[in-house]
Amino acid sequence: MDVPKTADVVIIGGGVMGTSTAYHLALKGCPNVLLLERESFFGMQATGRCAGGIRHQFGTEINVRISLLSLPMLDRFEEELGQPIDLRYCGYLFLLTTDQDVAAFRQQVDMQQRLGAQTEWLQPAQIADLAPLVNLDGVLAGTFNAHDGLADPNSVVQGYVSGARRLGARLLNDVDVTGIRVEGGKVQGVITDQGEIAVPVVVNAAGPWAGVVGEMVGVPIPVAPVRRQIAVTGPIPQVPPDFPFVIDFATGLYFHREGQGILTGMANPDQPVSFDQSMDMEWELVHLEEAMQRLPILEQAGLASRWAGLYEVSPDAHPILGRVSEVDGFYCIGGFSGHGFQHGPACGLLLAEEILDGAAHSLDITPLHNERFREGKLIVEYNVV
Ligand SMILES: Cc1cc2nc3c(=O)[nH]c(=O)nc-3n(C[C@H](O)[C@H](O)[C@H](O)COP(=O)(O)OP(=O)(O)OC[C@H]3O[C@@H](n4cnc5c(N)ncnc54)[C@H](O)[C@@H]3O)c2cc1C
């Protein structure tokens, strides 16, 4: 399909954020939505490389509230969009090994329960019952929410792409956005490698490249690309189907059942900011050593696949969501800092409300506006994996 000459809204980026925004704009009746993705398929970057985890267990009220809005949308997804998404409520189990984390998570559990998330506090004996394959050396306590789990990111993207197209939106691959025309403080157009589009509203849904798109309008969008890696084993028959998504919070190690095997990742705290997505094999050794300590059965498994992807890290690990006040017509949905897949449904809806109704009303997103960095109003999230 040729790139059109005009649109009502152009969305830059076809990961979960861009496609969810396109669907929700079209659903709310926006007539001429155009999404541009430079890859040949949608969801090839952060979204397609993510671990698929969905959880209520966050350390700030705003993140828990977004989960409480977003996870039920994943529940309804197949019914609403006709696309199965392999939803599995295996629960998230956080393992806590320091007094500081125990104190912080105690408060978080109280806050999560107050907001309506059914997170439980567990003693080591209860954790052993729940996950007998896990080595609990050094574990002081844990938290578990049976309504956390997993969904398939590619299916979610595909569901939004098909749903948006059925509603009349145009979503194009192989179109690289190279500039944004701003005149008199207002968005006027989008420049691509295949021509220019006249448009008054642009959504920056470029994931790890959100900062680059911000530069196109001369506004700092503080999103840093940071490499993260994943390894997946071959079959391990002893791992039961209801094996939880386990996170060793102090090390950042995590693992969950994937197919017949285990998917595992661990953040390198010294990873420099870069767009490099090659595998760091030295770090993989450190990661797998740690993983085998916590889940000794991994010693019996071979690796089936591995890949690297980019987290889109904001200075306070919270999304940058909503209008960008410096440029009329410029909106951002980015900076999810490694937990955006699960928040994609809700945040696409919230941004569609902000664009079409003037403000998001399913949830107040003004604390998430980009202005907070200029104003020094950062929201600190303790629970980053
Ligand atoms: C290893 C790893 C594990 C993760 N695990 C989880 C998890 O368990 N749970 C969870 O919720 N989140 C997880 N995340 C985070 C999650 O993947 C992201 O927060 C989310 O996918 C971000 O979606 P996005 O649409 O903003 O970005 P992306 O999916 O990266 O989409 C942005 C798109 O914009 C396109 N683009 C950029 N610039 C341009 C341009 N100039 N022109 C045209 N197109 C452009 C890119 O090609 C890309 O497709 C993980 C991430 C990684 C890397």
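Helix 2 passes helix 4 in a right-handed crossing, where right-handed means that the near helix is turned clockwise from the far one by less than a right angle, and left-handed that it is turned anticlockwise. This is a predicted model, in which local features need pLDDT of at least 70 and side-chain atom pairs count only at pLDDT 80 or more, while totals for chains, interfaces and linings use all residues. Residues are numbered from 1 along each chain as its sequence is written, and side-chain values use heavy atoms, with hydrogens and water left out.

Helices (H or I, at least four residues) and strands (E, at least two) are DSSP runs counted from the N terminus. Axes here are lines fitted to C-alpha atoms, for helices over the stretch in contact, and angles run from 0 to 180 degrees between N-to-C directions. On the helix 2 side, the contact (heavy atoms within 4.5 Å) uses E61, V64, R65 and L68, and helix 4 brings M111, Q112, R114 and L115. Sorted by class, that's four nonpolar, one polar and three charged residues; Ala, Val, Leu, Ile, Met, Phe, Trp, Tyr, Cys and Pro count as nonpolar, Asp, Glu, Lys and Arg as charged, and the others, Gly among them, as polar.

Six strands form an open sheet in the order 8-2-1-12-19-18, with mixed pairing (two strands pair if DSSP finds at least two bridges between them). Strand 8 (170-172) and strand 18 (320-323) sit at the edges with a single partner strand each, so one side of each has no neighbour in the sheet. On average, neighbouring strands are turned by 15° against each other, direction ignored. Strand 1 (residues 9-12) pairs with strand 12 (residues 201-204) in the parallel sense over four bridges, and I11 has V203 of strand 12 as its bridge partner.

Helix 1 (residues 16-27) packs on this sheet and touches strand 1, strand 2 (33-36), strand 8 and strand 19 (330-334); its direction makes about 170° with that of strand 2. Helix 1 also packs with helix 6 (residues 153-166), at about 30° and with axes 8 Å apart, which makes helix 1 roughly parallel to helix 6. This crossing is left-handed. Among the residues in contact are V16, T19 and Y23 of helix 1 and V156, Y160 and G163 of helix 6.

Terms used
Parallel < 35°, antiparallel > 145°, perpendicular 65-115°, else oblique.
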